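The structure is shown first.

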Amino acid sequence: MSGRPPVEELTPAAAAAELADLAAEIARLDAAYYQDDAPEVTDAVYDARRARNNAIEARFPDLVRADSPTRRLGAAPAAGFARRRHLQPMLSLGNVFSEADFAEFCARVRRFLGLAEDAAFAFVGEPKIDGLSISLTYEHGSFVHGATRGDGSEGEDVTANLRALASLPKRLAGAAPALIEIRGEVFMTKADFLALNAEQERAGRKLFANPRNAAAGSLRQLDASITAGRKLGFFAYAMGETSAPVAATHAEYLARLGAWGFAVNPLSRRLKGEGEVLAFQAEMAARRAALAYDIDGVVYKIDDLAWQRRLGFAGRDPRWAIAWKFPAERAETRLEDIRIQVGRTGALTPVAVLQPVNVGGVLVSRASLHNEDEIARKDIRIGDAVVVERAGDVIPRIVAVIVAKRPPGTAPFAFPTHCPVCGSHAVRPAGEAVRRCTGGLICPAQAVERLIHFCARGAFDIEGMGEKTVAEFYEDGLIHGPGDIFRLAAREAEIAAREGWGEVSARKLIAAIAARRRIPLARFIFALGIRRVGETTAKLLARHYGSFSHWRAEMNAAQIMGSEARSTLGNILGIGPAIAEALVDFFAEGRNRAVLDDLAGLLEIEDAEAAGAAQSPIAGKLVVFTGSLTTMSRAEAKARAEALGARVTDSVSRRTDYVVLGAEAGSKARRAAELGVTTLSEAEWRALAGMD
DNA sequence: TCCCCTCGAGTTCA
DNA sequence: CTCGAGGGGA
């Protein structure tokens with residue numbers, strides 16, 4: 001800043017005067033920015049003021065004012081977090097753990113793009129910081145809102161908190177698309193984490209387990225001024241929706257981000273091929289400990305954005321990027337007990353109770369043991385010394401038993417043959433891994449789990465009816481079955497009188513329940529918790545039957561008529577014999593039918609939209625590709641077609657809608673002609689599918 | 001009949 | 001997030 005002496009040369013008196021000026025000035029600028037939405041100065045000027053203020057405060061800690069800008073923020077505290085849908089979903093990433101895995105990833109890319117086996121392509125390697133990813137939306141160059149990743153398609157709106165991050169530009173420098181989503185990572189350095197925890201300890205507050213949690217906890221503060229007081233860093237690294245292309249390669253995109261004013265991880269590097277990737281991975285592993293922040297691996301992205309588009313997604317993971325994780329952290333501890341949990345479907349799941357041990361910054365005291373065989377295979381016994389691992393995922397698992405440290409007198413674990421809750425016989429069908437309680441409707445453990453599922457996200461999604469509440473209400477006899485939830489309104493006073501409850505929370509709960517009386521058919525079916533019927537299958541059924549009454553009638557018919565009607569169920573694509581049987585079993589049980597009657601009287605179940613109402617002309621069509629395609633590989637063509645709602649097979653039949661002929665198409669072209677199936681050239685196909 | 005992929009059901013800790 | 005089973009195509 002010109003015209004001002006360097007901080008080192010300030011006298012205390014001059015410093016005090018300047019801090020007073022800065023406090024007043026920054027307060028005014030904040031008000032203009034946050035309240036009037038009319039910034040008076042550029043962000044660079046604003047940031048320089050804050051930086052100057054911070055520098056002076058650092059040198060004269062005694063002079064920090066009560067109204068110092070570092071102690072408050074102009075933004076009004078947010079009232080809870082609204083949900084915000086991302087314009088484009090935020091990615092998850094596939095993982096690899098070795099050179100061989102990575103080579104396999106590259107081979108898949110080559111196969112998909114139809115490249116030669118020795119074809120080289122460039123990557124960008126980026127250290128994978130253990131923070132929390134967020135999405136920022138800029139309109140006409142201005143930061144308008146930001147959200148956490150959430151489930152990938154919808155996160156929490158933390159705009160006010162993000163405004164408090166100095167490292168995040170409020171305006172993009174230079175030209176930018178009218179609308180653009182920018183993704184990056186909010187993180188805390190190891191040093192700031194330790195300092196924050198020391199501060200927390202001094203203040204008698206709870207400590208954060210690791211920098212990641214500290215960053216998440218700091219960002220997700222309802223009072224944005226707390227966020228402002230925490231030192232959070234931000235690196236931008238990815239793109240979401242954009243109204244205009246901004247680069248041809250990822251490396252260019254990163255440069256663009258830098259030009260706009262974002263911090264981009266300086267360690268990110270363009271790598272010309274697999275050889276350079278290996279070297280980079282080794283380099284990062286070696287530098288990991290010395291870095292200011294925690295990283296758990298390196299993300300490699302294919303540099304060419306046109307290739308990225310072609311590669312697209314397999315499920316939720318992009319085919320054009322991969323996270324190469326460092327080996328998981330491990331720790332040794334003692335297994336104190338094995339407890340058996342009973343799930344919604346009656347599955348008996350063994351869970352290890354561990355002597356709490358710190359694994360990679362998190363205190364682990366439990367780990368799933370999956371099933372009977374897993375325990376037998378590893379010969380896990382109560383009292384054993386075990387190695388616990390927390391891999392890239394968060395979920396700990398037991399890697400092995402240290403047999404040398406096994407105390408005397410242990411015995412192989414005897415898996416119970418009866419349900420620990422209701423005492424019913426627990427059976428394990430031949431060929432299956434899971435042993436299940438046969439108590440069904442009489443088992444209280446299953447009943448609670450079913451109710452929890454009923455209220456959970458994706459099903460009725462009743463706010464305030466979490467696991468604990470449901471379990472307590474069930475235990476105290478407030479609810480026995482799903483219908484009772486919708487009769488709770490009559491017992492509001494009783495709920496308000498419960499420990500930990502009050503009038504306000506009871507009223508809110510009743511309102512949340514009332515808000516869910518109307519429910520789409522698919523969610524309703526999913527909520528029932530029918531075995532083998534998850535979210536996807538429930539949607540499928542809802543679309544097929546359209547209405548609750550139709551579904552119910554058909555299912556009753558199937559139940560009465562047995563195998564014949566069961567085959568009708570089998571005609572729904574995606575419903576095979578096992579799911580059909582699960583459905584018939586559910587309806588065969590009188591108590592389930594009673595629950596349905598009960599709910600039908602309490603709820604308004606919305607009809608599902610008619611099947612196949614999709615917009616693309618190829619949605620629902622059966623397509624066959626033959627011959628060699630010139631503008632894309634076979635796998636790519638298939639993926640694109642499926643993304644547009646078509647089904648792709650390899651053999652031409654009467655049911656085939658289109659046969660797309662590549663060069664040198666042979667027998668399938670002939671067969672298509674014989675059967676009178678419509679054939680398309682590759683160009684015609686691209687036009688029909690809207691790919692050009 | 002086999003293989004590949006998707007879906008369901010399970011779980012940890014903050 | 002992982003594992004196992006189901007579904008569907010080869």
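## Aromatic rings

Ring pairs join F102, F105, F121, F123, F280, Y300, W307 and W324 into a cluster. The model is a predicted one, and 25 aromatic pairs are found in the structure.

Y138 and F262 are both buried.

F473 and W501 form a tilted pair, because their ring centres are 5.6 Å apart and their planes stand at 35°, an angle that falls between the limits of 30 degrees for stacked and 60 for edge-to-face. This pair also links distant parts of the chain: F473 is in helix α13 (residues 467-475) and W501 is in the loop between α15 (492-496) and α16 (503-514), 28 residues apart. Both F473 and W501 are buried.

## Helix α5

Helix α5 (residues 190-202) consists of 13 residues. From first C-alpha to last it reaches 18 Å, close to the 18 Å expected at 1.5 Å a residue.

Which residues of α5 are buried? They are F193, L196, N197 and Q200. Viewed down the axis of α5, these buried residues fall within an arc of 100°, so they line one face of the helix. An α-helix has 3.6 residues a turn, so residues three or four places apart point the same way. The buried residues of α5 pack against α6 (211-219).

On the face of α5 turned away from the buried side are the exposed residues A191, L194 and R202. Just after α5 comes G204, with a positive phi of about 75°.

## Strand β14 and its partners

Strand β14 (residues 329-342) runs antiparallel to strand β17 (residues 385-390), and six bridges join the two. Within this pairing, E332 stands opposite V387 of β17.

β14 is also joined to strand β15 (residues 348-359), by seven bridges, and these strands run antiparallel. Q341 has T349 in β15 as its bridge partner. β14 and β15 form a hairpin with five residues between the strands, where G346 takes a positive phi near 90°.

Note on methods: Residues are numbered from 1 along each chain as its sequence is written. Chains are lettered from A and ligands numbered from 1 in the order in which they are written. This is a predicted model: local features need pLDDT of at least 70, side-chain atom pairs count only at pLDDT 80 or more; totals for chains, interfaces and linings use all residues. Side-chain values use heavy atoms; hydrogens and water are left out. Rings of Phe, Tyr and Trp (its six-membered ring) pair if their centres lie within 6.5 Å; planes under 30 degrees apart count as stacked, over 60 as edge-to-face and the rest as tilted. Buried means under 20% relative accessible area, exposed over 50%, partly exposed in between (1.4 Å probe, protein chains only). Helices (H or I, at least four residues) and strands (E, at least two) are DSSP runs, numbered from the N terminus. The expected span of a helix is 1.5 Å times one less than its number of residues. The arc is that of the directions from the helix axis to the C-beta atoms. Contact means heavy atoms within 4.5 Å. Two strands pair if DSSP finds at least two bridges between them.
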